[in-house]
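Visitor: I have a protein model open and would like to learn how to read it. Could you walk me through it?

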Amino acid sequence: MDTTHRAGMTRRQLLQSGLAAGVAAALASRAHAQTPAGTLLTKPIPVSGQRLPVIGIGTNAFRVSNLEVLRPLLSRFHELGAQVIDTAAMYGDSETAIGQALADIGLRKQMFIATKLTGGPMRMGPPPGGGRPGGGPPGGGPGGPPGGGPPPNMGPQLYGAESFEHSLKALQTDYIDLLQVHNMAGIDILMPQLLEWKKAGRIRYIGATTSQSEDHARLLECMQKYPLDFIQVNYSIGNRDAAAQVLPAAISHKIAVLINVPLGGRGGENLAASHPLPPWAATLGIASWAQFMLKYVVSHPAVTATIPGSTKLEHLEDNQLAARGALPDAATRLKMEAYWDAQA
């Protein structure tokens, strides 16, 4: 989990010592800072034309115990124009934390909430949010162990309709913007029910996810077999596997794409911590490695949005700067890849 040092104390210690209110007040004050300059970048959902801001947030590490931090974090998220919040029934009490925080600050209707369910047990992989350069577990989001495996405080093992009802209650909502089949587990069983919920207006879009390259072939099969509105897949400048077949297929099938693990792959955290940005990055409005990686990801023509994990306000704000200004064109993307590969 992220830690923030202040007077030699971690965030956890601050909360436990009763100073949480002071921390929350400081964060709330910062949340009223000026919105960054530049046009907010959005992309359309192919099936509907609805446009989404290209940088959202992954919430694998959101916890009810951290609500004093999450409320101002999500307030700032909204103030910066962001909308896409990705969670899952199995992310401990992440859904409950999101539902309570949004209820407290009155922002449910302004957010695009994506959550997940399964039709049965699934094979575990790395957490999908995507860690920060120089911080967080390799290849995954904060809150998961290195090398993959279940995140701590794993949520209740509920399946199908029971899981869906649990998510609605936890998120304090009567509809889900995007309901995804987590790692495609039980998608054959779930699809008729998903279509029924969509027809009834209980969900707006249907999706399927993976965060592991070895599952791309199966994801391609699902894209051909089912009427998916979205897929969620792992992709980064350090792991371009999805660009070979999955992303072109999404364009062909007119399926929106959420990207997880956008800051992972090929030791990206270590590389970014030990190498300078290329001098030409500034011409793209890029001031950090996170912005470099995120702009690369969302500039792919197939990508609708990405969901880097964050529980730190400074990381959130840094990530959101990648949603402003220009995106790299095809030639610049190749230049970014060449620079990255030369350092790897």
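Visitor: Which residues in H3 meet which residues in H4?

Guide: Keep in mind that this is a predicted model. From H3, the residues are Leu67, Leu70, Arg71, Leu74 and Ser75. They meet Ala97, Gln100, Ala101, Leu102, Asp104 and Ile105 in H4. Sorted by class, this contact of H3 with H4 holds 7 nonpolar, 2 polar and 2 charged residues.

Visitor: How do I describe the way two helices pack?

Guide: Two packed helices are described by the angle between their axes and the distance between the axes. Here, H3 (residues 67–79) and H4 pack with axes 9 Å apart and an angle of about 60°. That angle makes H3 oblique to H4. The crossing of H3 past H4 is right-handed.

Visitor: At what angle do the axes of H4 and H5 cross?

Guide: Helix H4 (residues 94–105) and helix H5 (residues 160–171) cross at roughly 35°, and their axes come within 7 Å. Glu95, Thr96, Ile98 and Gly99 of H4 make the contact with His166, Ser167, Ala170 and Leu171 of H5. By class, these residues are 3 nonpolar, 4 polar and 1 charged.

Visitor: And how should I read a nonpolar core?

Guide: In soluble globular proteins, nonpolar side chains tend to be buried together. In this model, the largest nonpolar core has 76 residues, and Leu194, Met223, Leu228, Ile231 and Leu247 touch the most other members. Helix H10 (residues 289–298) gives the largest share of this core, 7 residues. There is also a second, separate core of 12 residues, with Ile45, Phe112, Phe230 and Ala256 among them.

Terms used:
Residues are numbered from 1 along each chain as its sequence is written. This is a predicted model: local features need pLDDT of at least 70, side-chain atom pairs count only at pLDDT 80 or more; totals for chains, interfaces and linings use all residues. Side-chain values use heavy atoms; hydrogens and water are left out. A nonpolar core is a set of buried Ala, Val, Leu, Ile, Met, Phe, Trp, Tyr and Cys residues joined through side-chain atoms within 4.5 Å. Buried means under 20% relative accessible area, exposed over 50%, partly exposed in between (1.4 Å probe, protein chains only). Helices (H or I, at least four residues) and strands (E, at least two) are DSSP runs, numbered from the N terminus. Axes are lines fitted to C-alpha atoms, for helices over the stretch in contact, and angles run from 0 to 180 degrees between N-to-C directions. Contact means heavy atoms within 4.5 Å. Ala, Val, Leu, Ile, Met, Phe, Trp, Tyr, Cys and Pro count as nonpolar, Asp, Glu, Lys and Arg as charged, and the others, Gly among them, as polar. Angles under 35 degrees count as roughly parallel, over 145 as roughly antiparallel, 65 to 115 as roughly perpendicular and the rest as oblique. A crossing is left-handed if the near helix is turned anticlockwise from the far one by less than a right angle, and right-handed if clockwise.
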